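Hello,

I am handing over the structure we talked about. Please open it first, then read my notes below.

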Amino acid sequence: MPRVRDADEGAKVRFRTRARHVAGKMNKLEARYALSLSAQQGHGSIRWWAYEAITLKLAPDTRYTPDFVVITREGEIQFHETKGRWLDDALVKIKVAANLFPWAEFRAIDSKGAVRVFEPGEVPR
């Protein structure tokens with residue numbers, strides 16, 4: 001957790017915490033991306049999509065629920081993860097998932113719309 005200091009040195013140290021995700025409720029970035037997926041579905045470039053529809057088991061006590069599951073026009077399965085800021089734990093999970101489930105494509109979409117595709121064999125760091 002990052003430490004934040006106030007302007008004067010004598011002030012006490014505060015900690016910033018990440019906002020807790022509420023299952024089934026989209027944040028603003030996810031809602032914006034869902035609109036994009038709906039438009040793509042309307043144009044026929046994807047067949048189907050759903051929000052938080054699948055949870056993948058990565059290890060005995062580790063689960064990963066991608067933001068979106070997408071079926072392409074060609075019938076391929078893709079998992080799309082949207083993040084305003086990528087933290088190490090999220091990167092490790094998506095890389096592990098790409099290795100464990102090579103039959104699907106894993107995509108990371110940032111707040112600017114840049115897309116990164118994770119290939120099986122990428123080493124988590």
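**Overall layout**

Keep in mind that this is a predicted model. The chain has 125 residues, and 30% of them are buried. It holds two helices and nine strands. Reading from the N terminus, the order of elements is β-β-α-β-β-β-β-β-α-β-β. Take the contacts with a separation of 6 or more: 44% of them come from residues 24 or more positions apart.

**The sheet**

Five strands make up an open sheet, in the order E3-E6-E7-E8-E9. Its pairing is mixed. Strand E3 (46-51) and strand E9 (115-118) are the edges, and each pairs on one side only. On average, neighbouring strands are turned by 25 degrees against each other, direction ignored.

Strand E8 (residues 105-110) pairs with E9 in the antiparallel sense, over four bridges.

Which strands does each helix lie across? Helix H1 (residues 28-43) lies across E3, strand E6 (68-72), strand E7 (77-83) and E8. It runs at about 160 degrees to E3. Helix H2 (residues 88-100) lies across E7, E8 and E9. H2 runs at about 45 degrees to E9.

**A closer look at H1**

The length of H1 checks out. At 1.5 Å a residue, its 16 residues should span 22 Å, and the end C-alpha atoms are 23 Å apart, which agrees.

Which residues of H1 are buried? They are Leu29, Glu30, Tyr33, Ala34 and Leu37. These residues cover an arc of only 135 degrees around the axis, so they sit on the same side of H1. They pack against E3, E6, E7 and E8. On the other side of H1, the exposed residues are Lys28, Leu35, Gly42 and His43.

At the start, a side-chain oxygen of Asn27 comes to within 3.1 Å of the backbone nitrogen of Leu29. Leu29 is also one of the buried residues of the helix. After the helix comes Gly44, with a positive phi near 85 degrees.

**Where to begin**

Best wishes

Conventions. Residues are numbered from 1 along each chain as its sequence is written. This is a predicted model: local features need pLDDT of at least 70, side-chain atom pairs count only at pLDDT 80 or more; totals for chains, interfaces and linings use all residues. Side-chain values use heavy atoms; hydrogens and water are left out. Two strands pair if DSSP finds at least two bridges between them. Axes are lines fitted to C-alpha atoms, for helices over the stretch in contact, and angles run from 0 to 180 degrees between N-to-C directions. Contact means heavy atoms within 4.5 Å. The expected span of a helix is 1.5 Å times one less than its number of residues. Buried means under 20% relative accessible area, exposed over 50%, partly exposed in between (1.4 Å probe, protein chains only). The arc is that of the directions from the helix axis to the C-beta atoms. A polar contact is a pair of N or O atoms within 3.5 Å; within protein, one must be able to donate a hydrogen and the other to accept it, and residues adjacent in sequence count only if both atoms are side-chain atoms.
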